[in-house]
Amino acid sequence: MRKERKMANKVHPQALIPSAPCYFTSKQETFTIWMKSLVLSGKGCTVFDSDGHVVYRVDNYNCKDSNQVHLMDFKGHVLFTFFKKKFKLLDCWDGYRASGNDEIDRKKPGFQVRRKFRLSGHACRAVVRSDQNQSRQYSIESNWTSKSTCRIADKAGVLIAEVKRKQSENGVVLGEDVLTMVVEPSMDHSLIMALLVVYNLIISRM
């Protein structure tokens, strides 16, 4: 665990603990995603905000292709739980937002992400449901040349988040497991992170 945290400090210097996380802001937010778990031998990722705070974690103690995965905050409290559904041709995951005691209601999935057929790269379709039984649709897409880059857009094609390889202050492109995620204003970035986690599960990157 100590070794993993030391490596995390290299990904984002002086990784800190936030006092009160806020998942919905009015300005554009930039995050660093390290595609590794802080838990030794675990599968997952660690997410830092622009100040170096650890804001999200995925620590999957099982092997890849697990059928149940959790997105947690920096303290390890579950924010979302994802369950894989079996279809003959398409991968599909249901996502559930956890309550204050980490429990979920399996009768009401908050969103569903399903792989789409596409010849030019990886693509998924996400349907997010609100408490008023209304739904919003998003697309998550990348090309075949790099799994490290993807775009999330709404039904009208408006970009709401983008993920790319991270560059250092000197312009050096870091490894494929160190990414930058930019989330546009007025978005729930915990939900965006949840969609991105499922996308990486579908393309077998996590």
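## Phe117 and its loop

Let's start between two strands: Phe117 sits in the loop that links E7 and E8 (strands, E, are DSSP runs of at least two residues, numbered from the N terminus). This is a predicted model, in which local features need pLDDT of at least 70, side-chain atom pairs count only at pLDDT 80 or more, and totals for chains, interfaces and linings use all residues. Residues are numbered from 1 along each chain as its sequence is written, and side-chain values use heavy atoms, with hydrogens and water left out.

Is Phe117 buried or exposed? Phe117 is exposed, at a relative accessible area of 70% (exposed means over 50%, buried under 20%, partly exposed in between, with a 1.4 Å probe and protein chains only). Its C-alpha atom is 8.5 Å from that of Leu90, 27 residues away along the chain.

## Strand E8 and its partners

Strand E8 (residues 123-129) has 5 of its 7 residues buried, so the rest of the structure largely encloses it. Strand E7 (residues 111-115) runs antiparallel to E8, joined by 5 bridges (pairing requires at least two DSSP bridges between two strands). Phe111 has Val128 of E8 as its bridge partner.

E8 also pairs with strand E9 (residues 135-143), again antiparallel, over 7 bridges. Here Arg125 stands opposite Ser139 of E9.

## Thr46 in strand E2

Thr46 belongs to strand E2 (residues 43-48) and is buried, with 0% relative accessibility. A polar atom of the Thr46 side chain lies 3.0 Å from the backbone oxygen of Lys36.

Beyond its neighbours within four places in sequence, Thr46 is in contact (heavy atoms within 4.5 Å) with several residues, including Trp34, Lys36, Val54 and Tyr56.

Key:
Helices (H or I, at least four residues) and strands (E, at least two) are DSSP runs, numbered from the N terminus. A polar contact is a pair of N or O atoms within 3.5 Å; within protein, one must be able to donate a hydrogen and the other to accept it, and residues adjacent in sequence count only if both atoms are side-chain atoms.
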